[in-house]
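Subject: Structure for your review

Dear colleague,

Please find below the structure that I am handing over to you. I would be grateful if you could read the notes that follow it with the model open beside them.

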Amino acid sequence: MRTALFLTLLASQSAAQTCGGPLPDFIAGVKAQAVAEGATMAQADAFFAGAALDPEVIKADRAQGVFQRDFIDFSRRLISQNRLDNGRIYGDRNAATFDRIAADYGIPRGVLLAFWAFETDYGQVQGNFNTRNALLTLAHDCRRPELFRPQLIAAITLAARGDMDPASTTGAWAGEIGQVQMLPEDIIAYGRDGDGDGKVTLKTSAADALLSGGNVLANLGWRPNEPWLQEIIVPDDLDWAQTGLDHKLTVADWQAAGVTARNGDLGPATLPASVLLPMGRKGPAFLAYPNFEVYFEWNKSFVYVTTAAYFATRLMGAPPYDAGNPDPGLSGEAMMTLQEKLTALGHDVGGIDGILGAKTRAAVQAEQVRLGLPADAWPTPALLDAL
């Protein structure tokens, strides 16, 4: 019989090779680590019975070209009239749950409605990937094992307590489960019973899913009853080098610089905020408050986060943004060329992927400052030529 000491040593040895290699060896290492962290070997064996790698998961992981789209294109694709209409319907239908979330966490209904819509179309499309196999595939793959190996082990715990069936539970390709798509570690830490049946059932109970999602946001740092994003009008002579998420001034300071709300009033005067120009100084403009940063803990994509936060404002009654007349941007291939040039100049762009993420935007802005160009963090063919 294997002792706990042996299993602990085996788990520590497996940590040296946290991904790849023959699948049976990899699974044996995960089992040993799971047992060292509190599972029984019987639970680990039962979890992996019939497990297999899913090549479709890898294909989905590699095919995320949608995030190469600019904000206007991306947001118009995701925010349809049908999603807006359904947001009002589902918001009213679950009013008691949203009132509870607002009371418990200070999170307005539009914020979770937007995530609910984008993740699963209000619970209607939750994904048909086997969750265990998806997590196994991504943990075994050597792209992001530090993220998915712990989730795989957490899934063993979920299965052991009867909250998922390894053979039949399905969800997104990245291993998220339920109507707001939560990973196993978050389900264990933040899952809440919203419908009072004594269980946390994220796939079939909207109340459970929404209350759990609110608990996640609260624990990620959501500041109760504060704004998150607001459309603004910016003056032509604004200091563009002070825009972007890396730069913050108080609302009062932005007002003094000529920034005004497009609708309604800006947030409290002492609240720190950033001027966000997703497509440069000639495109849509927003003021991003501290709660906007919490969105990046839910999803790392700049364009997804900005769109989700904006959609939340629409669901709370804000009008469509003013698209303006932004300068032409770069194609995915041209963006990769730009990222290569920025990397050669010593900037960390977060990878050569053709996606205009936060790190690439910061690098673009730094080069615009150096070259004496309007430093609005929007890369154009002219910037690419100048570099």
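Is G267 buried or exposed? G267 is buried, with a relative accessible area of 17%; buried means under 20% relative accessible area, exposed over 50%, and partly exposed in between, with a 1.4 Å probe and protein chains only.

Some notes on the source come next. This is a predicted model, in which local features need pLDDT of at least 70 and side-chain atom pairs count only at pLDDT 80 or more, while totals for chains, interfaces and linings use all residues. Residues are numbered from 1 along each chain as its sequence is written, and side-chain values use heavy atoms, with hydrogens and water left out.

To return to G267, this residue lies in the loop between β5 (260–261) and β6 (272–276). Helices (H or I, at least four residues) and strands (E, at least two) are DSSP runs, numbered from the N terminus. Leaving aside residues up to four places away in sequence, G267 touches Q230, V251 and Y289, where contact means heavy atoms within 4.5 Å. G267 and L287 are 20 residues apart in sequence, and their C-alpha atoms are 9.2 Å apart in space.

Helix α8 and its surroundings

Helix α8 (residues 109–120) has 12 residues and reaches 16 Å from its first C-alpha to its last, close to the 16 Å expected at 1.5 Å a residue; the expected span is 1.5 Å times one less than the number of residues. Of the 12 residues of α8, 10 are buried, among them L112, W116 and T120. The elements that cover these buried residues include α5 (71–78), α6 (81–93), α7 (95–105), α12 (206–219), α14 (290–298) and α15.

Helix α8 packs against helix α15 (residues 302–315) at an angle of about 125°, with the axes 8 Å apart. Axes are lines fitted to C-alpha atoms, for helices over the stretch in contact, and angles run from 0 to 180 degrees between N-to-C directions. That angle makes α8 oblique to α15: angles under 35 degrees count as roughly parallel, over 145 as roughly antiparallel, 65 to 115 as roughly perpendicular and the rest as oblique. The crossing of α8 and α15 is right-handed; a crossing is left-handed if the near helix is turned anticlockwise from the far one by less than a right angle, and right-handed if clockwise. Residues that make the contact include L113 and F118 of α8, and Y304 and F311 of α15.

Within α15, T306 is buried, with a relative accessible area of 1%. T306 touches F71, L229, L276 and F292, not counting residues up to four places away in sequence.

Positive phi values

After α8 comes D121, whose phi is positive, near 50°. Y122, in the loop between α8 and β1 (129–130), has a positive phi near 60° although this residue is not a glycine. Y122 counts as buried at 2% relative accessibility. N225 also has a positive phi, of about 60°, without being a glycine, and lies in the loop between α12 and β3 (229–233). N225 counts as exposed, at 66% relative accessibility.

Helices α16 and α17

Helix α16 (residues 332–344) and helix α17 (residues 358–371) pack at an angle of about 65°, with their axes 11 Å apart. The two helices α16 and α17 are therefore roughly perpendicular to each other. Their crossing is left-handed, and the contact involves M335, L338, Q339 and L342 of α16 with T360, A363, V364 and E367 of α17.

Yours sincerely
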